[in-house]
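Here is a predicted model, taken one call at a time. Each answer sets a value against its cut-off.

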Amino acid sequence: MIRLVLVDDQAGIRQGLRMLLTLEPDITVVAEASTGREAVTLVQGLSPDVVLMDIEMPEMDGIAAAAMIHVGSPQSAVVMLSIHNDVSTRARAQAAGATAFVNKNGAIEALVATIRQVAEQRKTETGTL
């Protein structure tokens, strides 16, 4: 089972993603956060397999949160989810330790496939999951 923390400052986006992800038999949303700071705290306590994180959020953006998670909770892979699909944003996310980047305007199938791929990669690297 893939344990996932869902992070987006828009409640409607989180709710929609949660509804779609709960239809997947191998993915469980274990928590939700609306800020990067809240995400960092949740990840430290829950050690999820994957963190699905928006970039633009109040208090702390997703890229800064990804960097903190990468250092403090390296067992959790961060998948960035954003409408900003430019090379610069992708490079900043990768430099912060994000494992993957998914466009918010993309198909749910691509998102789910990325979550599974990242979780499998972590499983191979750490021998867990």
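Q: Why is S82 called buried?
A: S82 has a relative accessibility of 1%. Buried means under 20%. The value falls under that cut-off, so S82 counts as buried.

Q: Which residues is S82 in contact with, leaving aside neighbours within four places in sequence?
A: S82 is in contact with D54, I55, F101, V102, N103 and K104. S82 itself is found in strand β4, residues 77–82.

Q: What makes A77 a buried residue?
A: The relative accessible area of A77 is 0%. The limit for buried is under 20%, so A77 qualifies. A77 also lies in strand β4.

Q: What does A77 touch beyond its neighbours within four places in sequence?
A: A77 is in contact with D49, V50, V51, T99, V118 and R122. As for T28, 49 residues apart from A77 along the chain, the two C-alpha atoms are separated by 15 Å.

Q: How do you know that β1 and β3 pair?
A: Pairing needs at least two bridges. Strand β1 (residues 2–7) and strand β3 (residues 50–54) have four bridges, in the parallel sense. That meets the requirement, so the two strands count as paired. V5 has V51 as its bridge partner in β3.

Q: In what order do the five strands form the open sheet?
A: The order is β2-β1-β3-β4-β5, with parallel pairing.

Q: Why do β2 and β5 stand at the edges?
A: β2 (27–33) and β5 (100–103) each have a single partner strand, so one side of each is left without a neighbour in the sheet. From one strand to the next, the twist averages 25°.

Q: Where does helix α1 lie relative to the strands?
A: Helix α1 (residues 11–21) lies across β1, β2, β3 and β4. The helix runs at about 165° to β2.

Q: What makes a set of residues a nonpolar core, and how many residues has the largest one?
A: Its members are buried nonpolar residues joined through side-chain atoms within 4.5 Å. The largest such core has 22 residues. V7, V51, M53, I69, V78 and M80 have the most contacts inside it.

Q: Which elements supply at least two residues of this core?
A: They are β1, β2, α2 (36–46), β3, α3 (62–72) and β4. The largest share, four residues, comes from α3.

Q: Which residues does V78 touch, not counting those up to four places away in sequence?
A: V78 touches V51, M53, A66, I69, A98, T99 and A100. A100 belongs to a second, separate core of 19 residues, which also includes L52, L81 and A119.

Technical notes
Residues numbered from 1 in each chain as written. Predicted model: local features only at pLDDT ≥ 70, side-chain atom pairs only at ≥ 80, totals over all residues. Heavy atoms only, no water. Buried < 20%, exposed > 50% of the residue type's maximum accessible area, 1.4 Å probe, protein only. Contact = heavy atoms within 4.5 Å. Axes fitted to C-alpha atoms, helices over the stretch in contact; angles between N-to-C directions.
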